Amino acid sequence: MKDILKPGLILMAYGIIAGLALGLVNSMTAPKIAAQEEAARMAAIEEVLPTATVFETKTEGDFEYIVGYTEESKAEIAGFVVTALGNGFSSTIRTVVGVNTDFTVAAIEIVYQSETPGLGTKAVELDDPTKEPWFERQFDGLPPSDINVDKDGGKLRSITGATITSRAIARSVAITVEKLKTTVGSSLEQEPTEEVIDSTNDIEIVEEGGVE
Amino acid sequence: MANLLVISIGAILINNFILSRFLGLCPFIGVSKKTETALGMGMAVIFVMVLASAVTWVIWTYLLCPGETNLFWIVARACGSEVSAQAFDLRFLETIAFILIIASLVQFVELVLKKMSPALYDALGIFLPLITTNCAILGVAELNTMSLGYGFLESVVHGFSAGVGFLLALLMMSGVRERLEFAPIPRFMRGLPVAFITSGLMSMAFLGFSGLKF
Amino acid sequence: MSKKVSIFKDFTKGLLVENPTLVLALGLCPTLAVSSSAINGLGMGVAATFVLVMSNIIVSLIRPLVPAKIRIPIFIVVIATFVTVVKLVMAAYTPALSEALGIFIPLIVVNCIILGRAEAFASKHGVLRSAADGLGMGLGFSLTLILLGSFRELLGNGSIFGANIMGASYQPAIMMILPPGAFLSLAMMVAASRWILEKTSKGGNS
């Protein structure tokens, strides 16, 4: 019994020291990592919906989307930004999708993936200045019904040797845009009228004040 | 069910651990000289992979991940503390926890096999110590939890299929290498280089599976 | 004087004569997986070298405190700790590289080079020599990765470190950055290193 207990305790002591040291390092790097992710997310959102200047996050049930407005007053909606999650080859791929008001894709940007280096990672060639990010650019202007890889009868050319990655991105984008369409579609038609009523009310109050 | 089948075929053929994910190459090159040892190693890997997938998933979900299922949080709640569910984020300990789990699992399997089934121990025993440092095992654990976010059943199926894919590649390789012994090969290419060329050709053949449609 | 020579020797042997990848055939998984471009190779090389040097130093320092029976688990704990440090630091400061290398960063733990050096060298030698050994082995590993990465990137993408070399008219051989290309390139490199070793050590016993 003692033969097992003593080495076990020693090993545990090493484990605790290692755990504490890592806790320390983690507490130093965690805010930095979170800040990096947030900055990357914001940059991606602005990238995929360049016409918008003000963004507002909204949630409908467990579905989260961002509405982009053309100006500070939030009078005109420029489009939407949603995040699509797709199960790729060796990671869950996160794609930020900019959507126009007619629910075609404005632009997409893949913000997180850890697919096979050199294969699936070909989807993200934005970092490489010599290459056009052709895979991402293919999505521009497509309605959700056309977003599918060519092997499945869609309009997208998939990445050589990385069909799973291509398909995962395409499917997740199509599904998420569809979902946005059903969630926002109805309220979009009502929203402008509501705002018109609101603004007329405002004006009326001002006018009344003026009359008095 | 269909999803499990896709995971399984994916791990065996399309994303074969050795030929397309590059996991577990050291044993692949090291013990593929004879079909008999390849079979033993492959079986031992399948066995440990399934166990490791299950155990690491449980540890990951109930101890390391923050959220409603975190045991530390449940205990803290039971003690009346009002901490948020996100407070117990121990995900940074994942690598060290997983490798220790795998190492102890291998030790444990070795002990149990020795006691319960000496015949099986004779067949698989010598391969077990090598498995701790087989990156396919840690790889499957990392993929299940960190990268792919599988559920319990999916993780176990993925672990089993990855092991089968490993065995398949190992068997094919050993079959080729047994015949290569007698082939006239340029001096500098003998041994390691020709083994790599063989794997390259096999990997090329397996690329064809990426056209499989589901 | 003789001590200086031996430290220098501990350092240089890892570069070619005992190159961990080409000669000892260790650490093959990351070598093949991340060598699809030169920059990935460099990143993995730096990460592995850091872990190798640090774990060699610590293992050599705690030598007297490690019971022989459980030395391997303790070495693994030490290595896993430094790997996690690298993982966290990379995620914080070089997120793009950290994403490109993916699960191969945590998998440095099971890179046989590192445990191999801890067991075969650092647990038997002093701190200085262990550090030199770790640095040499790490550089040998990095050099192999960068060479292999440059070769595959050049043929498969027409560039090295992202800079276009082959010109616009070059049709890249995508096969080179796909898995088969990794195996074929490494086969050529191992054969070439053997040829060089034999040429340079003519008359000696190789």
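Me: In what order do the elements of chain A run from the N terminus?
Reply: They run α-β-β-β-β-β-α-α. That is 3 helices and 5 strands in chain A. Keep in mind that this is a predicted model.

Me: How much of chain A is buried?
Reply: Buried residues are 41% of the 212 in chain A.

Me: And what does the accessible surface of chain A come to?
Reply: About 11,200 Å². Carbon and sulfur atoms hold 57% of that area.

Me: What share of the contacts in chain A is between residues 24 or more positions apart?
Reply: 44%, counting contacts with a separation of 6 or more.

Me: OK, chain C. What pattern does chain C follow along the sequence?
Reply: The pattern is α-α-α-α-α-α-α-β-β-α. Chain C has 8 helices and 2 strands.

Me: Now the interface. How many residues of chain C are in contact with chain B?
Reply: 38 residues of chain C, against 38 residues of chain B. The area buried between the two chains is about 3,300 Å². Carbon and sulfur atoms give 83% of it.

Me: Which residues of chain C lose the most area to chain B?
Reply: C29(C), V110(C) and F183(C). Together they make up 19% of what the chain C side buries.

Me: What about polar contacts between chain C and chain B, how many residue pairs?
Reply: The count is 5 residue pairs, with both residues at pLDDT 80 or more.

Me: Which elements of chain C give two or more residues to the side that touches chain B?
Reply: α2 (28-33), α4 (71-93), α6 (112-122) and α8 (179-200) of chain C. The largest share comes from α8(C), with 13 residues.

Me: And by class, what is on that side of chain C?
Reply: The side touching chain B has 32 nonpolar, 3 polar and 3 charged residues.

Me: How many salt bridges cross between chain C and chain B?
Reply: The rule finds 2 across that interface. E94(B) and K87(C) meet in a salt bridge through their side chains, at 2.5 Å, N to O.

Me: How many salt bridges over all chains?
Reply: The structure holds 9. Within chain B, the side chains of R91(B) and D89(B) form one at 2.9 Å, N to O.

Me: Are R91(B) and D89(B) buried, partly exposed or exposed, and why?
Reply: R91(B) counts as partly exposed because its relative accessibility is 37%. D89(B) is partly exposed too, at 29%. The cut-offs matter here: buried is under 20% and exposed is over 50%.

Me: Back to chain C. Which residue forms a salt bridge with D133(C)?
Reply: K13(C) does, with the closest N and O atoms 2.7 Å apart.

Me: Where do K13(C) and D133(C) lie?
Reply: K13(C) lies in the loop between α1 (2-12) and α2 of chain C, and D133(C) in helix α7 (residues 127-157), so the pair ties together parts 120 residues apart in sequence.

Me: Buried or exposed, that pair?
Reply: K13(C) is buried, with a relative accessible area of 16%. D133(C) is buried at 0%.

Me: Where is F103(A)?
Reply: In the loop between β4 (92-99) and β5 (105-112) of chain A. F103(A) counts as buried, at 8% relative accessibility.

Me: And F22(B), what is its phi?
Reply: Near 60°, again positive in a residue other than glycine. F22(B) is in the loop between α1 (2-14) and α2 (25-30) of chain B. F22(B) is buried, with a relative accessible area of 3%.

How values were computed: Residues numbered from 1 in each chain as written. Chains lettered and ligands numbered in written order. Predicted model: local features only at pLDDT ≥ 70, side-chain atom pairs only at ≥ 80, totals over all residues. Heavy atoms only, no water. Helix = DSSP H or I, 4+ residues; strand = E, 2+ residues; numbered from the N terminus. Buried < 20%, exposed > 50% of the residue type's maximum accessible area, 1.4 Å probe, protein only. Contact = heavy atoms within 4.5 Å. Areas by Shrake-Rupley, 256 points an atom, 1.4 Å probe, with all protein chains shown as cover. Buried area = accessible area lost by both parts, 1.4 Å probe. Salt bridge = Lys/Arg side-chain N within 4 Å of Asp/Glu carboxyl O. Polar contact = N/O pair within 3.5 Å; in protein donor to acceptor, adjacent residues only side chain to side chain. Nonpolar A, V, L, I, M, F, W, Y, C, P; charged D, E, K, R; others polar.
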